[in-house]
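Reader: I have a model open and want to go through it briefly. Please start with the strands, then turn to the ligand.

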Amino acid sequence: PLADGARLTGPDAELEIRFLSSDVLRLTWTPGRLPIPYAIARDILEDTRISVVPQPDGWCLESAAIRIEVGMDGRVRFQTAAGRVWREEDPPERQGEAWRHRVRLRPEERLYGLGERAAPLNRRGRVYRMWNLDPGGSYGPGADPLYLGVPLWISLHTDGVYLVFYENPSDATFDLGASEPDAAWVSFAGGALRYYVFYGSLEHVLARYTERTGRPPLPPRWALGFHQSRWSYESADEVRAVVQGFRDHDLPLHAIHLDIDFMDGYRVFTVDRRRFPDLPDLIRELEGQGIRTVVILDPGVKIDPGYSVYQEGMAQGMFCRLPDGKVYRGLVWPGWCVFPDFTDPAVRVWWGIHYRPFVEMGVAGFWHDMNEPTTFVAWGEPTFPRVVRHAMEGRGGDHQEAHNLYGLLMNRAAWEALRELQPDRRPFLLTRSGWAGVQRYAWNWTGDTESTWAALRQTIPTVLGLGLSGIPYTGPDIGGFSGAPTAELFIRWFQAAAFMPFFRNHAAKGTPRREPWVFGEPALSIVREFLRLRVRLLPYLYTLAWEATQTGAPLLRPLFWLDPKDPALWEIEDAFLLGSSLLVAPVMEEGARSRKVFLPSGEWYDFWSDQPFVGPEVVEVEAPLERIPVFVRAGSILPMAEDGLTLHLYGLPGREGEGILYQDSGDGFGPYRVDRFHERRQEGTLRIRRTEEGDLPWPGDGLRFQIHGFIPAHAVVDGRSVPVEGRALIVPLFEELIVEVDPDPSRTG
Ligand code: MIG
C-alpha cells in the first residue's frame with residue numbers, strides 16, 4: 001500500500017496505482033521507460049483518502065468516487081463507489097519492448113477522441129494509429145493516421161462517462177472494436193504502460209483532463225476573426241492587391257497568412273527581400289487597417305554553409321543526429337535539411353531566439369507546418385528514421401519515442417520565446433502537428449483536405465473529435481486544400497466554417513484563386529453576410545474562449561454535450577453546437593436547399609426567423625443557398641456586436657437559464673470583466689439577476705437587450721420602471737431586471 005494507492009509486484013511486471021484525486025487515477029505498468037511529462041502542465045496531487053483491502057483473489061482500492069479491483073493475474077475493474085462497473089481491463093501483455101492491453105467494451109458504449117481523425121465521430125469499430133504523419137497529397141474520409149494524434153478516448157455508456165489518457169508517446173495502435181467487437185486493443189511499441197483514468201460527467205472529465213494537460217490560454221481576439229491565406233501570396237504587391245480586394249468588396253478581414261514563398265529559398269527565419277522588400281512597412285500598413293500578419297515556419301533548416309541559422313545550429317550541436325554521431329539529413333522544401341532537436345531545452349531556447357526579428361517587425365502570429373516531422377521520401381514513411389537520436393531532456397532517446405512529441409515541443413519552444421519577447425501580447429501559434437497538451441500553446445488546422453463534399457462532411461467529426469481530445473481551436477481550409485471547389489461547395493464550406501473556432505480560407509499552390517470575389521454573385525454577397533455574422537458573433541466566441549480557459553470545454557461541441565445520457569445524440573455528426581446556445585446544421589449535400597435537423601429536447605428558436613420549436617424532434621428546415629439552419633437554445637443570452645453590444649435574450653417558458661459575457665481589451669493581460677446573468681421565468685415574469693467579476697469597468701452607458709420569443713410589456717430595473725420599445729430594452733447596469741411578458745398572445749411568439 002501507498003498513502004494514495006498501491007504498488008503490486010509480480011514475477012514479470014509491476015503495477016503502480018495512484019489516486020491523484022478521488023476521481024482521477026494513474027496506473028503505471030512497468031517494465032518500460034517512464035514518460036518525460038511533456039504532456040503534463042500541472043502535476044496535481046490532491047490529498048485523497050483511500051482504502052486498500054485484500055480480497056480473495058486480488059485487492060480492492062477505494063476512494064469516495066472510484067473503486068478499483070485488481071485481480072491476482074493483473075485484471076483491473078473500475079467501478080463507481082456503488083459498485084457499477086464502468087471499465088474493465090484484461091491483464092496487459094508485454095512482448096519485447098511493447099505493451100498491449102485489452103479493454104472490454106459494452107454493447108452500447110461509444111468512444112470519442114484520439115485527436116485528429118478522418119473518421120466518424122464515434123470512433124468505435126476501427127483501427128487507428130498514433131503516429132503523426134502527413135498523409136501526403138491530400139486526404140479524404142478514412143485516411144489514418146493524420147498529423148496530430150492524442151492517445152485518449154472518452155467513453156459514453158449507460159453507467160457514465162470516463163476519459164482515459166495514455167501517457168505514452170510511442171508508436172501505438174488503437175483497435176477500438178475492429179478485430180473484436182466487444183473489446184479495444186491498445187498497443188504501444190515501447191515505454192511503460194501508463195494511463196490516467198478520469199471519471200464523472202462529460203464536462204467534468206474534460207475539465208479534469210485539461211487541468212492536468214493544460215487549458216487553452218485566451219487567444220488574442222483578432223484570432224477569432226477571419227483569416228485569408230493561400231499557398232502562396234508571393235510578393236508584397238500581391239498581398240496589397242488581395243487586401244485591397246477585401247476592401248473593395250467590403251469584406252471584413254482580420255489576418256493574412258504568408259506561406260513558404262515569403263522566405264528566401266525556403267530558409268526558415270528568412271525573408272525574400274526581392275519579393276518582400278519592405279515587409280515591416282507592409283505589416284504596419286496592414287495593421288493600420290486592422291489586419292494581422294501571420295507567417296509560416298517549417299522546422300527543417302536548409303543545409304547551406306552561407307546561412308546563419310544552419311551555421312549556428314551546426315556549431316552549437318542543435319540538430320538531431322544518427323547513432324553514429326552524424327547529423328541526420330532529410331529532404332524538405334528547401335532541399336536537404338537538418339532538424340532541431342526540440343527535446344533538448346537548449347535547442348528550444350536557441351530556436352526561440354529567431355522569432356525576435358519577426359516580433360519586432362510586427363508579425364502577430366506564427367504558423368508551424370511540417371512538424372510531424374515530415375520529410376520527403378522515395379519510399380517508407382515520410383519522417384525521420386526511428387534510429388535518429390533525441391536528447392529527451394538529457395536522458396537520451398530515439399525517434400520512436402520522440403516522434404509524436406516533435407510538433408508539441410516545437411510549439412513549446414515558440415510559446416516560451418514569445419511570452420518573453422512580447423510580454424504584453426498573447427502569442428498566436430497555429431500548428432499542424434502536436435500531441436496531448438498542445439492546446440497550451442497552439443491552434444490547429446485540419447491540414448491538406450480534398451476539395452470535395454465528402455471532405456466538407458468529414459470536417460465536423462474531425463473538429464469535434466479534436467475538441468473532445470482537449471484541442472478546441474481548429475478548423476479546415478475553406479473549400480478544401482487541394483482542389484477547385486465549385487461556387488456552391490465554397491459557399492457551403494464557408495457557411496459551416498463561419499461557426500468554427502479557426503476560420504480560414506486557404507488553398508494549395510496551383511489551384512484556382514479562391515478569394516471570395518472570384519466566384520462572383522451570389523457567392524460574394526453570401527460570403528459577405530457570413531463574414532459580417534462572424535464579426536457580430538465575436539463577443540459570444542470570445543466568451544466561449546474565456547470559458548475554455550476555465551474549464552477546457554471546446555467551443556465546438558457535439559450535440560450530446562447537452563445530454564450525454566441520451567443515446568439518440570451519440571452519433572450525430574452532421575450538426576454541432578457552438579457553445580451551448582447555438583446549434584448549427586451546415587448544408588453538406590450538393591444541390592440541397594433544405595435539410596433535416598435533429599433538435600435535442602428542450603425549446604429552440606430558429607436563429608433567422610425566431611420561429612419556436614420543441615425538441616426532441618427532427619425538423620425539415622429550409623436552407624436556400626444564402627442560409628444554413630441555425631437554432632438558438634431557449635434561455636440563452638447571446639452577446640453580439642451590434643450597436644456596440646446587444647444581448648439577445650431568448651425567452652424560455654417556465655425554466656431557468658444562464659448567460660455569460662466576458663470582456664477585456666482583446667489582447668494582453670490587463671483588466672477583464674465577467675458578467676453572469678441568471679434567468680428565472682415564472683408565468684408572465686422573467687427575472688434576470690446579474691453578478692460580476694473582474695475590474696474592467698462596463699464599457700458604454702448601459703446594456704441593450706433584444707428580446708426573442710415574447711414581447712416585453714414592462715420592465716423594472718432594481719425597482720425602477722424603464723421604457724420598453726418593441727423588443728428592445730436599454731437598461732442601466734443592474735442587479736435585478738424584471739421583464740413582464742405582454743399577455744396578449746397574438747403579440748407573442
Ligand atoms: O508540403 O507550405 O498543410 O497548408 O500551404 C506542403 C505549403 C507544405 C502543407 C500545409 C499547407 C501549406 C503547404 N504545406
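Reader: Is strand β2 largely enclosed or exposed, and why?

Author: This is a predicted model. Strand β2 covers residues 14–21. Buried here means under 20% relative accessible area. Seven of the eight residues in β2 are buried, so the rest of the structure leaves the strand largely enclosed.

Reader: Which residue in β2 is the bridge partner of Thr9?

Author: Strand β1 spans residues 5–9 and runs antiparallel to β2, with five bridges between them. A hairpin of four residues links β1 to β2. The bridge partner of Thr9 in β2 is Glu14.

Reader: Which residue in β3 does Ile17 stand opposite?

Author: β2 also pairs with strand β3, residues 24–30. The pairing is antiparallel and has seven bridges. In β3, the residue opposite Ile17 is Leu27.

Reader: How much of the ligand's area does the protein bury?

Author: Consider the polar contacts, where the cut-off is 3.5 Å. For Asp448, a polar side-chain atom is 2.5 Å from an oxygen of the ligand. Alone, the ligand exposes 360 Å², and the share buried by the protein is 96%.

Reader: How many residues of the shell around the ligand are charged?

Author: The ligand has 13 residues around it, and those that come nearest are Asp259, Asp369, Arg432, Asp448 and His506. In the shell, eight residues are nonpolar and one is polar. The number of charged residues is four.

Terms used: Residues numbered from 1 in each chain as written. Predicted model: local features only at pLDDT ≥ 70, side-chain atom pairs only at ≥ 80, totals over all residues. Heavy atoms only, no water. Near = heavy atom within 4 Å. Polar contact = N/O pair within 3.5 Å; in protein donor to acceptor, adjacent residues only side chain to side chain. Areas by Shrake-Rupley, 256 points an atom, 1.4 Å probe, with all protein chains shown as cover. Nonpolar A, V, L, I, M, F, W, Y, C, P; charged D, E, K, R; others polar. Buried < 20%, exposed > 50% of the residue type's maximum accessible area, 1.4 Å probe, protein only. Helix = DSSP H or I, 4+ residues; strand = E, 2+ residues; numbered from the N terminus. Pairing = 2+ DSSP bridges.
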